[in-house]
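Hello,

Please find the structure below.

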Amino acid sequence: MAHDEQDGPADRPTGSTRAGPPRRPPGSPGSPGSPGQRTAALFRTAPPGPFRTGFWRSPIRGPWLTSVFGLVLLAGITIEFLTGLFSYAAYNPRLGPVNDQTPGKGILGFYLFTWPTHPYWLYRLNQGVHVTLGVVLVPVLLAKLWSVVPKLFTWPPTRTPAQAIERVSLLLLVGGALFEFATGILNIQLHYIFPGSFYTLHFYGAWVFIAAFAAHVALRLGIMWRALRAIRLITVLRTDTARTEPEPPDSSGLVTSTPSRPTMSRRGALALTGAGALVLMAVTAGQSIGGASRRTALLAPHGRNPGRGPSGFPVNKTAAQVGVTAADIGPAWRLRVHGPAGTRTFTRAELLAMPQHQAALPIACVEGWSADDQQWSGLRLADLAALAGMPHAASVEVQSVQRGGAFSTVLLAANQIRNPLSLLALHVNGADLSADHGFPARVIVPACPGVNNTKWVSDLTFRK
Amino acid sequence: MNRLHRRLLRSYGARPVHLLAMAGCLALAAYAALQLLAGRTLAVAAWFVGAALVHDLVLVPLYSTADLTARRTLGRGHTGTTPYLNHLRVPVYLSGLLLLVWYPLILRRSQPYRGDTALSEDVFLTHWLLITAALFAASAAHLALRGLLQRLRRPPRPPAGDTAKRPAPPPGGAS
């Protein structure tokens with residue numbers, strides 16, 4: 001970005017009390033006279049440095065450039081918020097306490113609905129968009145913040161109660177945006193340095209942020225629109241660096257009164273931001289698109305497969321990492337199916353002797369990466385429900401041999417049980433499941449978040 | 001109604017819609033914040049406010065100073081601009097952006113990565129360095145190509161005319 005901050009002391013306004021040329025705050029109280037007013041006048045004198053209008057000198061800063069970045073963020077963050085809400089709904093938190101990471105959500109869960117199982121790639125698409133777009137928006141967010149940084153150092157900091165309150169909301173806006181981007185980006189890299197569970201931080205943080213975002217959009221949409229219409233895009237695209245000039249002075253506080261020589265045109269700044277977004281997309285998107293493109297995700301956590309063969313697709317957590325031992329999933333392993341008909345116990349051989357069904361389904365993680373459609377085969381959850389004496393079960397509690405840990409027990413909803421593609425899988429791609437993919441048996445449900453496709457299943461409890 | 005409007009403008013400093021938007025914003029934010037902060041008030045508040053402070057008071061000054069230093073070090077060409085500046089800026093910016101987003105993997109900060117995914121985290125530093133090298137190489141190649149095209153396009157002239165051919169300084173440039 002064109003950072004045209006101070007360009008040497010000689011270029012700076014020299015007057016010690018003048019805060020730059022004719023930028024007088026509109027509606028400021030009367031001229032100094034009484035002692036109280038004199039203190040007020042002293043307060044109006046900006047301290048040196050970034051508080052002076054002459055400090056910020058980039059000739060391309062102005063309402064137009066800020067509005068372009070703002071427009072992109074308006075669209076991008078709206079998509080981020082909606083895909084985030086869907087992602088939250090996909091866990092079916094209303095189904096029961098084991099599914100609900102955020103029991104204190106109150107009205108913030110007002111929109112919740114039973115997550116569908118059609119189309120089977122719905123969650124994969126939702127998370128791929130949420131995470132990849134979030135990564136791609138980073139340069140736009142940074143550019144937007146760069147474009148408005150002089151406003152942070154407005155002097156005096158506030159003149160009216162309205163400005164004071166708005167500054168608080170802007171702290172929520174900027175802090176909230178950075179908090180959401182930071183927790184998301186750290187979480188997809190398994191770098192858990194944030195203070196608490198990702199789910200609660202990212203969920204409640206999103207609501208704090210979106211409150212400030214909505215207010216900001218409501219108050220600035222008109223300004224943004226007028227600024228965008230003031231200069232035609234084609235004019236900007238035709239203007240090179242040498243002919244780049246500041247926007248006409250206005251009340252936005254963004255246009256510099258002491259422009260330095262342009263070192264980058266507006267179209268250059270847009271191209272640079274766009275290039276940043278494209279480069280990030282290029283090294284990230286492959287882990288969500290899969291197929292041959294996976295290898296292009298050079299910096300994304302799941303840009304490679306962990307091996308070859310039938311089980312050579314990405315793993316969320318290996319058996320060893322969650323403490324599942326060979327004994328847990330060895331010959332002594334049994335599946336227990338609980339229902340009104342009592343508890344029935346099966347060995348893996350007994351399960352294999354029952355009618356097997358096929359489903360081609362992906363595994364999609366909340367972290368945005370996904371495995372392409374794999375050929376699973378095993379028992380239909382619907383058949384197991386009938387076996388338990390509960391063909392119309394409202395939910396099933398799926399328990400793993402994994403001891404403790406988040407998502408070792410989850411609840412699946414009625415539509416997930418009924419879908420003919422929902423399996424307790426025993427095979428994948430024509431071979432036994434590998435230990436890391438959930439041997440002896442795992443759940444696979446269409447459009448379901450990866451962690452709710454429980455691995456190393458030990459118990460299925462069907463409920464009304 | 002009009003008088004109320006004017007009184008609000010005088011005492012509050014903005015239109016009623018501003019007050020409503022702010023009240024709605026703060027009420028919803030406070031409602032969510034009660035849960036966000038529950039049991040870890042200081043740590044979460046530090047992250048929330050700290051994110052803004054680190055960006056505004058560390059990251060922005062850091063990259064601005066770096067940019068300013070680059071501009072001064074490279075000096076100015078005879079046209080008053082710094083012709084190589086953007087050939088440096090672009091690869092530095094893109095490489096820095098990749099590092100900023102993917103540093104936990106590149107710098108091997110991610111503790112459970114290898115155990116969770118059965119993948120090695122050693123590749124990311126190599127990838128980032130290779131991408132960075134490619135970005136600088138592409139920028140250098142572009143610069144060389146520009147120079148070559150400029151030389152080809154410039155018709156041979158008597159050496160005396162050279163001084164008179166300087167491009168005019170850009171309008172609105174020098175302060």
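Over all chains, this predicted model holds 15 salt bridges. A salt bridge here is a side-chain nitrogen of Lys or Arg within 4 Å of a carboxyl oxygen of Asp or Glu.

One of them joins the side chains of Arg463(A) and Glu397(A), with N to O at 2.7 Å. The two residues are 66 apart, so this pair links distant parts of the chain: Arg463(A) sits in strand E10 (residues 457-463) of chain A and Glu397(A) in strand E5 of chain A. Helices (H or I, at least four residues) and strands (E, at least two) are DSSP runs, numbered from the N terminus. Arg463(A) has 35% relative accessibility and therefore counts as partly exposed, while Glu397(A) is buried because its relative accessible area is 15%. The cut-offs are these: buried means under 20% relative accessible area, exposed over 50%, and partly exposed in between (1.4 Å probe, protein chains only).

Another salt bridge pairs Arg403(A) with Asp328(A), whose closest N and O atoms are 2.9 Å apart. Arg403(A) is in the loop between strand E5 (395-400) and strand E6 (409-413) of chain A, and Asp328(A) is in the loop between helix H10 (286-289) and strand E1 (335-339) of chain A, so the pair ties together parts that are 75 residues apart in sequence. Arg403(A) counts as exposed because its relative accessibility is 58%; Asp328(A), at 18%, counts as buried.

Arg243(A) and Asp240(A) also meet through their side chains in a salt bridge, 3.5 Å from N to O. Arg243(A) is partly exposed at 48% relative accessible area, and Asp240(A) is partly exposed at 28%. In chain B, a network of salt bridges links Arg108(B), Arg114(B), Glu121(B) and Asp122(B).

Next, a residue in a strand. Is Val428(A) buried or exposed? Its relative accessibility is 0%, so Val428(A) counts as buried. Val428(A) is placed in strand E7 (residues 423-428) of chain A. Apart from neighbours within four places in sequence, the residues in contact with Val428(A) (heavy atoms within 4.5 Å) include Pro310(A), Phe313(A), Trp376(A) and Leu433(A). The C-alpha atoms of Val428(A) and Ala359(A) are separated by 9.6 Å, although the two are 69 residues apart along the chain.

Then the helices. Helix H3 (residues 122-136) of chain A has 15 residues and should span 21 Å at 1.5 Å a residue; its end C-alpha atoms are 21 Å apart, which agrees. The expected span is 1.5 Å times one less than the number of residues. H3(A) is mostly covered, with eleven of its 15 residues buried, among them Tyr123(A), Arg124(A) and His130(A).

An unreviewed UniProt entry gives "transmembrane region" for residues 64-91, 129-149, 170-192, 204-223 and 269-289 of chain A. Such annotations may be inferred rather than shown by experiment; positions are in the numbering used here and feature names are shortened. Residues 64-91 of chain A are 93% helix and 0% strand, with end C-alpha atoms 41 Å apart. For chain B, UniProt (unreviewed entry) places this feature at residues 42-63, 84-105 and 125-145. Residues 42-63 of chain B are 100% helix and 0% strand, and their end C-alpha atoms lie 29 Å apart.

Residues are numbered from 1 along each chain as its sequence is written, and chains are lettered from A and ligands numbered from 1 in the order in which they are written. Local features need pLDDT of at least 70, side-chain atom pairs count only at pLDDT 80 or more, and totals for chains, interfaces and linings use all residues; side-chain values use heavy atoms, leaving out hydrogens and water.

Regards
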